[in-house]
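This report goes through one protein model, from the whole chain down to single side chains. Please keep the sequence and the coordinates at hand while reading.

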Amino acid sequence: MAILMLQGIVSKKMHSTVCDPGFLKEWLPQIVTDIGMQSVGKPIVEQYKHWEGSTPSAVQFIEAPHTSIPSHTTGVQILTESSITVHCYPDAFFQILLDSCRPIERWHLVRNKIMASLNMTLDYCYYDDRWGWKGASKC
């Protein structure tokens with residue numbers, strides 16, 4: 001089993017597009033095909049409001065202190081290999097978690113394809129090809 005996690009900032013030009021549920025419903029199966037994996041069914045994408053009482057990001061306070069807190073968008077695409085999950089934050093921060101029951105061949109190329117398709121600047125990347133329940137520690 002393997003896991004690839006990417007976190008970064010989507011360009012301001014792309015942010016409203018990337019956080020749109022319609023975009024993610026098209027993007028998820030397309031990026032899955034582009035990285036050589038197979039989708040199972042249609043993606044599930046939900047957009048929801050920032051929860052009551054939570055703290056908005058510092059970016060929002062600086063750039064738009066008197067506006068309402070925008071929505072978050074989360075999407076998941078089931079794969080024959082496992083799943084890919086994405087989350088778009090109101091401040092252009094984007095997370096991707098690709099979970100695979102087999103090693104992700106040339107994972108650095110997969111990372112680059114995903115980032116390029118979103119016009120994303122990488123903040124954090126983690127890859128582990130030993131990921132899975134067999135290596136998990138007990139709590």
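Buried is used here for a residue under 20% relative accessible area, exposed for one over 50%, and partly exposed for anything in between, with a 1.4 Å probe and protein chains only. By that criterion, 38% of the 139 residues of the protein chain count as buried. The model is predicted, so that local features need a pLDDT of at least 70 and side-chain atom pairs count only at pLDDT 80 or more, whereas totals for chains, interfaces and linings use all residues. Residues are numbered from 1 along each chain as its sequence is written, and side-chain values use heavy atoms, with hydrogens and water left out.

**Overall architecture**

The protein chain holds 4 helices and 6 strands, where helices (H or I, at least four residues) and strands (E, at least two) are DSSP runs numbered from the N terminus. Their order along the sequence is β-α-α-β-α-β-β-β-α-β. Taking contact to mean heavy atoms within 4.5 Å, 67% of the contacts in the protein chain between residues at least 6 apart in sequence join residues at least 24 apart. The protein chain exposes about 8500 Å², of which carbon and sulfur atoms supply 57%; accessible areas come from the Shrake-Rupley method with a 1.4 Å probe, and for residues only the protein chains shown count as cover.

**Helix 4 and what follows it**

Helix 4 comprises 12 residues (residues 107–118), which should span 16 Å at 1.5 Å a residue, and its end C-alpha atoms, 17 Å apart, agree with this; the expected span is 1.5 Å times one less than the number of residues. The buried residues of helix 4 are V110, R111, I114, M115 and L118. They cover an arc of only 130° around the axis, and therefore lie on the same side of helix 4, the arc being that of the directions from the helix axis to the C-beta atoms. These buried residues pack against strand 1 (2–10), helix 1 (12–18), helix 2, strand 5 and strand 6. Just after helix 4, N119 takes a positive phi of about 55°.

L122 lies in strand 6 and, leaving aside neighbours within four places in sequence, is in contact with L6, Q7, G8, R111 and M115.

**An aromatic pair**

Rings of Phe, Tyr and Trp (its six-membered ring) pair if their centres lie within 6.5 Å, and planes under 30 degrees apart count as stacked, over 60 as edge-to-face and the rest as tilted. A search of the whole structure finds 3 such aromatic pairs. In one of them, the rings of W27 and F94 have centres 6.5 Å apart and planes at 85°, so the pair is edge-to-face. Because W27 lies in helix 2 (residues 21–34) and F94 in strand 5 (residues 93–100), the pair ties together parts that are 67 residues apart in sequence. Both W27 and F94 are buried.

| Residue | Relative accessible area | Class |
|---|---|---|
| D128 | 10% | buried |
| E81 | 7% | buried |
| L122 | 31% | partly exposed |

D128 is found in strand 6 (residues 120–128). A polar contact is a pair of N or O atoms within 3.5 Å; within protein, one must be able to donate a hydrogen and the other to accept it, and residues adjacent in sequence count only if both atoms are side-chain atoms. The side chain of D128 makes such a contact with the side chain of Y126, at 2.9 Å. Not counting residues up to four places away in sequence, D128 touches M1, A2 and I3.

E81 sits in the loop between strand 3 (72–78) and strand 4 (82–88). The side chain of E81 makes a polar contact with the side chain of R102 at 3.2 Å, and a polar atom of the E81 side chain lies 3.4 Å from the backbone nitrogen of Q38. Residues touched by E81, apart from those up to four places away in sequence, include G36, M37, D99 and C101.
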